[in-house]
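User: I am new to this structure and would like to go through it step by step. Could you show it to me?
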Amino acid sequence: MKLSYAGNALAKLGDPPQDRVTMTQHIFVLNGPNLNLLGQREPDIYGHETLEDIHQRMKTAAPNAEIEFRQSNSEGELVDWVQEASKKASILILNAGAYTHTSVALHDALRACEAKIIEVHLSNPAAREPFRSTNYVAPCATASIAGFGARGYLMALDAALQMTA
Ligand code: DQA
């Protein structure tokens with residue numbers, strides 16, 4: 001699938017499409033529990049943007065990319081989607097929410113995943129409660145982006161597009 005992508009530097013995030021690069025790519029963006037509540041949930045920590053706002057921003061940043069954007073509160077469903085991403089996607093951008101800190105099942109699915117994994121968090125879990133320092137996703141990820149709010153998703157998308165450019 002042809003993909004047109006605007007820009008190749010973080011400074012250009014949000015800019016309209018220009019300097020197009022053509023590449024082949026299918027990106028899964030998976031979101032874990034409670035991220036459906038973004039915008040209402042602890043906005044002082046997670047910001048005012050909704051998950052759909054983030055989805056739209058990603059589509060705008062890479063209008064022709066095949067972005068499969070999903071959210072689930074269910075651990076098993078996320079495991080199924082990681083397995084699907086392994087077959088269909090070159091890059092998996094994952095915000096596993098609280099399962100980041102608890103889920104061995106997700107860890108095992110990620111270990112078996114053939115897509116490259118970019119971990120994203122809106123907040124910086126390492127700077128919060130001690131239980132958030134346990135992380136079952138990071139050891140399986142190529143990279144982690146945390147603490148930049150919704151912009152972290154666009155940073156991950158920018159990186160994803162660079163990784164297979
Ligand atoms: C989060 C951080 C997690 O610790 C928390 O459980 C979340 C959101 C983030 O994006 O900052 O649900 O993944």
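User: Let us begin with His 26: is it buried or exposed?
Analyst: His 26 is buried, at a relative accessible area of 19%; buried means under 20%, exposed over 50% and partly exposed in between, with a 1.4 Å probe and protein chains only. This is a predicted model, in which local features need pLDDT of at least 70 and side-chain atom pairs count only at pLDDT 80 or more, while totals for chains, interfaces and linings use all residues. Residues are numbered from 1 along each chain as its sequence is written, and side-chain values use heavy atoms, with hydrogens and water left out.

User: Where is His 26 found, and with which residues is it in contact?
Analyst: His 26 is in strand E3, which spans residues 26-31; strands (E, at least two residues) and helices (H or I, at least four) are DSSP runs numbered from the N terminus. Leaving aside neighbours within four places in sequence, His 26 is in contact (heavy atoms within 4.5 Å) with Glu 66, Glu 68, Lys 88, Ala 89, Ser 90 and Ile 91.

User: Which residues are around the ligand?
Analyst: They are Arg 41, Tyr 46, Asn 95, Gly 97, Ala 98, His 101, His 121, Leu 122, Ser 123 and Arg 132, where a residue is near a molecule if one of its heavy atoms lies within 4 Å of it. This shell divides into three nonpolar, five polar and two charged residues.

User: What lies at 2.6 Å from an oxygen atom of the ligand?
Analyst: A polar side-chain atom of Ser 123 lies at that distance. For Arg 41, a polar side-chain atom is 3.0 Å from a ligand oxygen, and for Leu 122 a backbone N or O atom is 2.8 Å from one. The protein covers 99% of the 320 Å² of accessible area that the ligand has on its own; such areas come from the Shrake-Rupley method with a 1.4 Å probe, and for residues only the protein chains shown count as cover.

User: His 101 was in that list. Where is its place in the chain?
Analyst: His 101 sits in the loop between strand E5 (91-95) and helix H4 (104-111). His 101 counts as buried, at 10% relative accessibility. The side chain of His 101 reaches the backbone oxygen of Arg 132 at 3.3 Å. Not counting residues up to four places away in sequence, His 101 also touches others, including Pro 125, Phe 131 and Tyr 136.

User: Changing topic, what does Val 79 touch?
Analyst: Val 79, in helix H3 (residues 75-88), touches Ala 105, Leu 106 and Ala 109, not counting residues up to four places away in sequence. Val 79 is buried as well, with a relative accessible area of 14%.

User: How many helices and strands are there in the chain?
Analyst: There are five helices and seven strands. From the N terminus on, the elements run β-β-β-α-α-β-α-β-α-β-β-α. Of the 165 residues, 48% are buried.

User: What pLDDT does the chain average?
Analyst: The chain averages a pLDDT of 89, and 85% of the residues score at least 70; pLDDT is the predictor's confidence in each residue, from 0 to 100. Over residues 1-13 the pLDDT is below 50, and over residues 15-22 it stays under 50. Where pLDDT is low, the predicted coordinates should not be read in detail.

Terms used
A polar contact is a pair of N or O atoms within 3.5 Å; within protein, one must be able to donate a hydrogen and the other to accept it, and residues adjacent in sequence count only if both atoms are side-chain atoms. Ala, Val, Leu, Ile, Met, Phe, Trp, Tyr, Cys and Pro count as nonpolar, Asp, Glu, Lys and Arg as charged, and the others, Gly among them, as polar.
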